[in-house]
Amino acid sequence: MSTTIALLLVHLHLLLCGHGAAAVAATATPPPLPVLPVPSYAQLQWQLSEMALFIHFGPNTFTDSEWGSGHADPAVFAPSALDAGQWARVAAEGGFGRVVLTAKHHDGFCLWPSALTDYSVAASPWRGGAGDVVGELSAAARAEGIGLGLYLSPWDRHEPVYGDTVAYNEHYMGQMTELLTRYGDVEEVWLDGAKGDDTYMDYMFDAWFALIHQLQRRVVIFSDAGPDTRWVGDEAGIAGRTCWSPFNKTVVTIGHIIPEYSQSGDQFGEEWVPAECDVSIRPGWFWHASEKPKSAVTLLDIYYKSVGRNCLLILNVPPNSSGLISDEDMQVLQEFTEIRRTIFSHNFAANATGTASSVRGGLENLQFAPSNTLRDSIYSYWAPQEGQTSWEMLFDLGRSTSFNLLQLQEPIQMGQRVIEFHVDVLLGGLWQTILEGTTIGYKRLLRFPAVDARYLKLYVDSARADPLIAFVGVFMDPFSDAYGLDHEKPSHTNSSEVIMLRRGHAAGNRSTATM
Ligand code: FUL
């Protein structure tokens with residue numbers, strides 16, 4: 001063998017070995033298995049949008065009513081300055097990821113020119129009978145880059161065939177088809193559970209759901225019982241402190257729910273049906289000249305109790321009889337946005353150092369490192385080594401900091417896992433528990449009386465499977481009085497609950513020695 005060939009072979013050998021060695025070093029640890037149920041693509045997009053702006057608008061706006069009889073003259077529908085662009089702008093500027101319009105409320109009046117009824121905008125004087133509120137809002141939402149949702153009331157107090165099961169289901173599905181084929185992407189269909197008991201009517205929900213999913217790929221269907229998002233069970237916008245997205249749809253039916261079950265979901269639920277919290281900025285759902293909006297601080301409190309409890313907040317802001325969102329409501333929304341910006345633009349943990357009791361793939365493995373929790377995304381997360389019985393994370397904020405609000409997030413695409421957790425801070429040389437909580441989910445916001453601390457520990461006390469944490473944020477909220485606003489208190493778990501993985505709360509387990 002010539003020297004040249006020998007050298008080439010050595011080179012080749014080195015190259016191959018080098019390549020092989022690099023391949024070994026670069027081998028990634030796969031993510032852990034998800035824990036079922038998990039969200040669909042549409043459910044994930046819904047959850048990421050965090051807030052929806054609800055728009056109740058129709059003849060009721062002009063007749064000072066909430067539940068129209070269905071016999072109001074279509075001529076009452078005469079907004080002088082309707083501007084769907086303003087509604088969509090208010091939504092986008094206020095951080096609402098979607099806007100949901102009452103295309104048809106219980107009075108049966110259609111805000112689009114439905115070919116299946118003469119009770120619609122086409123019979124009104126607005127835009128000379130050539131207007132289409134749904135069309136204008138869908139274009140405006142698209143221009144603002146937010147999603148569109150439509151409310152099509154099953155209960156129809158105008159439609160003459162209401163009460164005839166086949167005829168009305170055909171009518172309803174015909175209207176649904178118009179809405180879902182004329183206006184581009186529709187990301188949410190809202191099926192309200194209200195139903196008068198003077199006329200017997202059987203809704204063919206399964207056929208409706210199939211049609212909606214057939215016509216719109218990215219849609220989520222809201223109703224008392226899902227299938228994609230469930231009513232939280234109250235109209236105050238408040239979820240349970242414990243709030244699971246797993247749920248068993250068979251426990252409730254549309255029109256008949258168990259409020260506590262809907263508010264808290266079900267740790268053992270077999271379907272992913274996260275909760276949506278509806279509430280109006282004003283006492284009524286429709287605009288009334290005599291009513292005033294809630295304050296921005298009240299909205300902030302609702303935000304903590306909805307978005308901050310693993311839900312989507314759908315906040316109703318009803319346009320007035322000129323067809324515009326009123327100045328006083330806009331003022332409140334602007335303050336609400338400003339307050340949130342002030343609180344959440346300064347995360348004291350953004351430059352923290354995080355360590356954990358274990359890391360999937362080894363302490364040096366960056367893929368699942370504790371530092372992933374300092375990045376604002378659910379797609380990077382801390383994962384512990386498998387088979388552990390305790391899960392702890394320690395954060396060093398770098399210096400003593402005053403804070404009263406914590407944000408925790410799970411990577412819900414992997415399933416909702418955390419059952420119980422608590423948080424300690426180092427105060428005067430002693431670790432003290434500042435809060436105990438149940439469930440995290442997509443986002444959990446926890447308020448407590450302000451503390452001055454540099455070190456903070458998060459303990460997951462029990463979980464459905466190895467806990468995964470996507471985000472830990474530390475904030476100061478100068479607007480809420482944590483004492484007055486129902487801050488998180490230590491929880492009391494029913495000891496008879498079956499908990500798959502559980503760690504004792506003995507004081508000895510809380511030392512930093514395990515870190
Ligand atoms: C209720 C309806 O009866 C109200 O009018 C409103 O639309 C609210 C969101 O749902 O059940």
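Trainee: In which loop does D64 lie?
Mentor: This is a predicted model, in which local features need pLDDT of at least 70, side-chain atom pairs count only at pLDDT 80 or more, and totals for chains, interfaces and linings use all residues. Residues are numbered from 1 along each chain as its sequence is written, and side-chain values use heavy atoms, with hydrogens and water left out. Helices (DSSP runs of H or I with at least four residues) and strands (DSSP runs of E with at least two) are numbered from the N terminus. With these numbers, D64 lies in the loop between helix 3 (59-63) and helix 4.

Trainee: What phi does D64 have?
Mentor: Most residues other than glycine have a negative phi. D64 is not a glycine, and yet its phi is positive, at about 60°.

Trainee: What is the omega of the peptide bond that joins G226 and P227?
Mentor: P227 is found in the loop between strand 5 (220-223) and strand 6 (229-231). Most peptide bonds are trans, whereas the bond joining G226 and P227 is cis, with an omega of about 20°.

Trainee: Are helix 4 and helix 5 roughly parallel or oblique to each other?
Mentor: Axes are lines fitted to C-alpha atoms, for helices over the stretch in contact, with angles from 0 to 180 degrees between N-to-C directions. Angles under 35 degrees count as roughly parallel, over 145 as roughly antiparallel, 65 to 115 as roughly perpendicular and the rest as oblique. Helix 4 (residues 84-93) and helix 5 (residues 133-144) pack with their axes 8 Å apart, at an angle of about 40°. The two, helix 4 and helix 5, are therefore oblique.

Trainee: How do helix 6 and helix 7 lie to each other, roughly parallel or oblique?
Mentor: The axes of helix 6 (residues 165-182) and helix 7 (residues 205-215) come within 10 Å and cross at roughly 15°. Helix 6 and helix 7 are therefore roughly parallel.

Trainee: How much of the area that the ligand exposes when taken alone does the protein bury?
Mentor: Residues with a heavy atom within 4 Å count as near, and those surrounding the ligand include F54, H56, D192 and W285. A polar contact is a pair of N or O atoms within 3.5 Å, and polar side-chain atoms of H106 and Y151 each lie 2.8 Å from an oxygen atom of the ligand. Taken alone, the ligand exposes 300 Å² (accessible area by the Shrake-Rupley method with a 1.4 Å probe), of which the protein buries 92%.

Notes: Polar contact = N/O pair within 3.5 Å; in protein donor to acceptor, adjacent residues only side chain to side chain.
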